[in-house]
Amino acid sequence: MRNFLILLFLLSGGTLCGEVQVQRLRCEGLENPLGIDAVPPRLAWIMTSNVNGDKQTAYQILAADNAEQLAQNDGNIWDSGKVQSSNSLYIPFQGKALQAGQKVFWKVRIWDKDGNVSDWSQNAFWSAGLLQKADWHNARWIAFKDDALYQTEWRQHYESEKKRFDNDGYYWETGQDDDIFKLYSDAEPKYDAAPLLRKEFSVTKSIKSATLYISGLGVYESFLNGSRIGRNVLAPAATNYHIRTLYDVYDVKSMLKDGRNAFGITLGRGNHSRLVNEGAIQRFAPWTGQPKAVALLKIEYDDGQSEAVITDSAWKVSGGPVVYDDDQHGELYDARCEQTGWNTPGFDDSLWKNAAEVEWNARLESQKMPPCRCFSAVQPVRTVTKKDGTLIYDFGKNVSGWVRLSVKGSEGQKVLIDYAETPADKELIPNLSPKRFIFRDSLKTNNPQYAPFYDNGVVIRQQSGYILKGGELPQTFECSFTYKAFQFVRITADAGVKIEKIESVPVYTDLPSAGSFRCSNVTVNKIQSAALNGILSNTHGYITDDPHRDKNGWTEDNLLVAASVFYNFDAAPLYAKWLQDLAETQVPSGEICFKAPCSQHVCTCPCWGEAMVMIPLEMYHFTGDKSVLAKYADTMRRVAESNMSRQVKDKAEIIAGALGDWMSPVIPLSDTQRNNNMTPPEGSLLYGTASHYRNMKNLAEIYTVLADKSGADKYATWAERIAERFNAEFYDKAKGIYHGEHPTEYRQAANAVPLQYGLVPKDERTLVRQHLIEAVHQLGGRLSAGFLGTAALLDYLGEHDPELAYKIVTQPEYPGWGYMIANGATAMWEGWDGDDSRNHSPYCLVSGYFYRNLAGIQIDPANPAFKHFILKPAFIKELMFLEAFHESPYGRIGIAWRRSGTKIILHVQIPANTTATLVLPSGSKELPSGEYDFEQ
């Protein structure tokens, strides 16, 4: 170790001649977006240069209303002139006021460190959204029936099914005895089928542009002349619907034709209109109602005239083949109800009725984030035929989405599709723990077909159903309005039905990639792969806790995984949307909901509520977007101060009501009990108070960034006061350990949290750290912590004892990520034993550790967006090589090292317009932009 510390690394990077370029132009963080209703929109780009130390010293932006003028360098909408600045992020558009729907073409050039000007960038564009209500041209929300009638029927459903969900206890357990066919047939009155809406119109002149603005609640699919519009699915993203509803924008010029055209929309319930048997949540939702749509098709003609095709009562409506769809339970498709050609011109809709115009007063905003899409289909890795002829398909990977199924059979025959992560069946999963079968066999169900495919970790019964229409050709079915989480699929079909083909279709938000990590350890690479899969599987318009049972944007789950998401994906638009969802749940007391979007204002606890303070700060660190701090400063302040309502009597600043170290493991494993504690045995006061401190500490940083000295001083002083009370209450100075309010043996989480949050007095840190490290070694290098403790433990040891942190992560024994991989995990588990959900977002936090602590790509909080950053690679003894990069807002940050005999060869890449501090065992080096090689 002594020799390693004095190794000298030799700088070999040089200055090269080359050109400067401007690339990756973005508007509001998106590439060539349509429908931007932000005023003003903000622009960004990156500088590339192969000259070491190069930086931007000035820029010029041109914006025009057509590409031809821009090509002539005529910025007839905006010419910024030469602006002396190194900034290339969040530049507000300062040109002429934009009209609704107006398309803007723009480009940039910059000046380098020597004053040389670059070529102009490639053209980019954005279009304005509908900026005020009048821009919708009086388009109306339309639905299948009158709202008053719908609400009467919904109340009847509620009363008839109330007994079912009250007895089950949890909304996701409803319907365990009933398959989706019975849920549909037993409903009284019958549920409405997913409506089909259509309108014909004529085009008789040459078209200059055609733009569709559309929203559907809960989700929609749209068509022109029989063809699907766009690739978006499960659109739009869910929100607090009664406050704001999102709309999508499409360029549809190429889809129109001369003469008659047909516009079609079909609607699903989604997260907006869940069926009444999901009563524990939906019965409180302020937005519950029938599916509905609003749309404007704006056509601009070459002669300067325009036309607006809008939704109104002139549209025709009929029930479609999706006769039952529920966000939790699934989707039932009756192919006999198909109406061939319903979305094409000339279809006979004489038996259809006119759509009902309905009221919906929520604010309409464009969806300024990537949509959900379908990705490459996956074939089964094996097929198991059970004794009763039932077919089970194993797709080898736990994903969110649905299956695409092709079948042949007679009219009216049925196919039932069951989805599961981990069915309690040893033929399928030989190494399942015995308690899986204890829980399975204790099910209170009268359905003999349910228990063998019961998924204890998911609880809810995820299904789809298909009723054949007959005919010689194969019929293909896939979901439109509901997604599932699964690795295994069971097909139960009527006799004579032939399965032609089945494949798994992953579905998630189309987040652009922003990072890559791999190393010589196969287990680590599998953990990273599982973390990426877990993040994507839990991203459907926002980060969820799981993609099957809850499907909710839980606050602490989002906070725990935020750094991993930002390192791996261009996620700023995603989190900007979700933060608004979360802020909208705030109640007058200052508290926010546990989750967002939220159909009921269940107020949160300190540990979960801190997401409202921490995530905007995390987003600022990764992106440099200061506006997010300004926008939510008051929201954050009120959340933090609301924790005082939970102050323990006669204990100043000690905060109760926390969920604590959620899902803390029980060691050793047991075959007869659950191996986690929802709340930790030491109690929750330590965690509630620690979060109270962290809120105030981070508010002090936020107000410093916002140049509010009085606010910064106030919260810094408050944080110091909390720290004093925290240590007086929870620190045993004689033993050098922290404890909760209940007596326990040494608890890792209770000590890692104070260390990582900065609560431990300076003169006590070495002792507390030593005891934590000893405790981990006593467990053979295993952690013993839940959500909060694990995050703190990995962050802290990753910085202060890299070898031990690495051992914890790769540990093949319970509990830990290595144990997950050794037991077949392809996504992150909810609990360390795998007996709960096996696709959960929080423990995806490990991916952030790979970038931050192993690769060593670290934020400098004083210079957000990696304008200046730290490179501090951990040369773990076991590893032979490591490669990672992160696409920062200024460009690619790269680090790669490998062992060559006794040497370590290191390569780093620092993007133009930035600088970095490289921290090596031999010392630190300040580096300008460029690529550099070092050799041990």
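**Exercise 1.** How many of the 10 residues of strand β30 (residues 484–493) are buried?

*Solution.* Begin with the source: this is a predicted model, in which local features need pLDDT of at least 70, side-chain atom pairs count only at pLDDT 80 or more, and totals for chains, interfaces and linings use all residues. Residues are numbered from 1 along each chain as its sequence is written, and side-chain values use heavy atoms, with hydrogens and water left out.

Strands (E, at least two residues) and helices (H or I, at least four) are DSSP runs, numbered from the N terminus. Buried means under 20% relative accessible area, exposed over 50%, and partly exposed in between (1.4 Å probe, protein chains only).

In β30, 8 of the 10 residues are buried, so this strand is largely enclosed by the rest of the structure.

**Exercise 2.** Identify the strands that pair with β30 in the antiparallel sense.

*Solution.* Two strands pair if DSSP finds at least two bridges between them. Strand β26 (residues 391–408) pairs with β30 over 7 bridges, in the antiparallel sense; here Leu391 stands opposite Ile491 of β30. Strand β27 (residues 414–420) is also antiparallel to β30, over 6 bridges, and Ala420 faces Phe488 of β30 as its opposite residue.

**Exercise 3.** Describe the open sheet formed by 3 strands.

*Solution.* Its order is β1-β2-β6, with antiparallel pairing. The edge strands, each pairing on one side only, are β1 (21–27) and β6 (91–92). Between β1 and β2 (residues 42–48) there are 5 bridges in the antiparallel sense; Gln23 has Ile46 in β2 as its bridge partner.

**Exercise 4.** Classify the packing of helix α13 (residues 685–705) against helix α15 (residues 748–757).

*Solution.* Axes are lines fitted to C-alpha atoms, for helices over the stretch in contact, and angles run from 0 to 180 degrees between N-to-C directions. The two axes come within 11 Å and cross at roughly 10 degrees. Angles under 35 degrees count as roughly parallel, over 145 as roughly antiparallel, 65 to 115 as roughly perpendicular and the rest as oblique. α13 is therefore roughly parallel to α15.

Contact means heavy atoms within 4.5 Å. The residues involved include Leu686, Tyr687 and Arg694 of α13 and Val753 and Tyr757 of α15.

**Exercise 5.** Classify the packing of α17 (residues 787–800) against α18 (residues 802–810).

*Solution.* These axes come within 6 Å and cross at roughly 140 degrees, which means that α17 is oblique to α18. Among the residues that meet are Leu793, Leu797 and His800 in α17, and Pro802, Ile808 and Val809 in α18.

**Exercise 6.** Summarise the chain as a whole.

*Solution.* The chain has 20 helices and 42 strands. Of its 936 residues, 62% count as buried. Along the principal axes, the C-alpha trace spans about 85 × 75 × 60 Å.
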